[in-house]
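Biologist: Could you walk me through this one, please? I am still new to reading structures.

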Amino acid sequence: MVFRAKRMIDMTRIYIILFLVIGLLLPCTKSLSKDIADSRTKVVFHTDKGDIVIALSDSTPRHRDHFLQLVRHHQYDSLLFHRVIPGFMIQTGDPSSRYATDGEELGSQSIGNPIPAEIVFPQLYHKKGAVAAARLGDEVNPEKKSSGSQFFIVWGMEYTSREWEEIFSSLENLNRISFPPSVKKEYIRHGGAPHLDGGYTVFGEVISGMKTVGKILDMRTDRYDRPFDNVRITGTEILCP
């Protein structure tokens with residue numbers, strides 16, 4: 001009886017250890033939301049203003065995998081949305097924003113090395129809710145390599161159908177790209193930032209939480225486009241399919 005009792009205690013300890021180890025190795029947390037049921041890998045950003053759920057594209061594997069690595073190591077936790085431009089976008093990912101003082105200019109720092117561009121236009125474009133990598137300008141970055149951690153979420157202006165057609169025509173002549181009818185329709189219906197198409201890597205989209213993005217966009221900003229009141233990422237999670 002003593003042996004059996006000791007064996008049962010030992011087995012219980014083994015099960016507890018295995019449970020803890022497996023729990024540590026799990027790459028994602030269970031998703032309970034019914035409105036994000038698709039096969040793409042999804043990440044939730046918890047912020048002071050609410051949650052933002054991002055679905056990552058499999059057409060940009062380098063950006064997807066790098067982004068997930070940053071999330072797994074909690075590199076975005078406690079960072080600020082340091083750049084907010086009404087009618088355009090919100091931006092985060094500067095590691096120096098974690099301990100930034102009030103009024104400090106941000107946006108010059110990144111985590112790791114630049115990522116080779118994965119521009120997949122017109123499959124992925126800067127529609128409202130698009131998630132794209134920030135980068136340095138063409139004059140110092142002609143290969144359009146992406147920042148190692150900074151990204152932005154597009155809001156974009158809204159125009160009349162006639163104004164949109166004039167914008168498309170101008171951009172097609174200027175950038176020598178062609179907007180398919182389906183892309184034009186999306187921009188006309190929901191807005192976006194088509195002037196960025198072909199120049200930045202879009203690697204995902206917001207599938208839940210655009211109200212949160214809108215709340216951040218409504219905040220007053222300083223001359224550096226930084227909100228006067230800090231908006232912080234309080235935590236991140238990878239959601240299970």
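## The inside

Biologist: Which residues have the most contacts inside the largest nonpolar core?

Modeller: This is a predicted model, where local features need pLDDT of at least 70, side-chain atom pairs count only at pLDDT 80 or more, and totals for chains, interfaces and linings use all residues. Residues are numbered from 1 along each chain as its sequence is written, and side-chain values use heavy atoms, with hydrogens and water left out. A nonpolar core is a set of buried Ala, Val, Leu, Ile, Met, Phe, Trp, Tyr and Cys residues joined through side-chain atoms within 4.5 Å, and buried means under 20% relative accessible area, with exposed over 50% and partly exposed in between (1.4 Å probe, protein chains only). The largest core here has 29 residues, and the ones with the most contacts inside it are Phe45, Phe67, Tyr76 and Phe151.

Biologist: Which helix gives the most to this core?

Modeller: Helices (H or I, at least four residues) and strands (E, at least two) are DSSP runs, numbered from the N terminus. Four residues of the core come from the helix that gives the most, α2.

Biologist: Is Leu70 buried or exposed?

Modeller: Leu70 lies in helix α2. Contact means heavy atoms within 4.5 Å, and beyond four places in sequence Leu70 touches Gln75, Tyr76, Ile111, Gly148 and Ser149. Its relative accessibility is 7%, so Leu70 counts as buried.

Biologist: Which strands do the buried residues of helix α5 pack against?

Modeller: Helix α5 spans residues 210-217, and its buried residues are Thr212, Val213, Gly214, Ile216 and Leu217. They pack against β1, β2 (50-56), β3 (81-85), β4 (89-92) and β6 (151-154).

## The rings

Biologist: How many residues apart in sequence are the parts tied together by Phe67 and Phe151?

Modeller: Rings of Phe, Tyr and Trp (its six-membered ring) pair if their centres lie within 6.5 Å, and planes under 30 degrees apart count as stacked, over 60 as edge-to-face and the rest as tilted. This rule gives 17 aromatic pairs. Phe67 and Phe151 are edge-to-face, 5.4 Å centre to centre with 85 degrees between the planes. Phe67 lies in helix α2 and Phe151 in strand β6, so the distance in sequence between the parts they tie together is 84 residues.

Biologist: Over which residue's ring does the charged end of Lys128 sit?

Modeller: A charge sits over a ring if NZ of Lys or CZ of Arg is within 6 Å of the ring centre and within 35 degrees of the ring normal. Arg135 does this over the ring of Tyr200, 4.5 Å from its centre. For Lys128, the charged end is 4.0 Å from the centre of the ring of Trp155.
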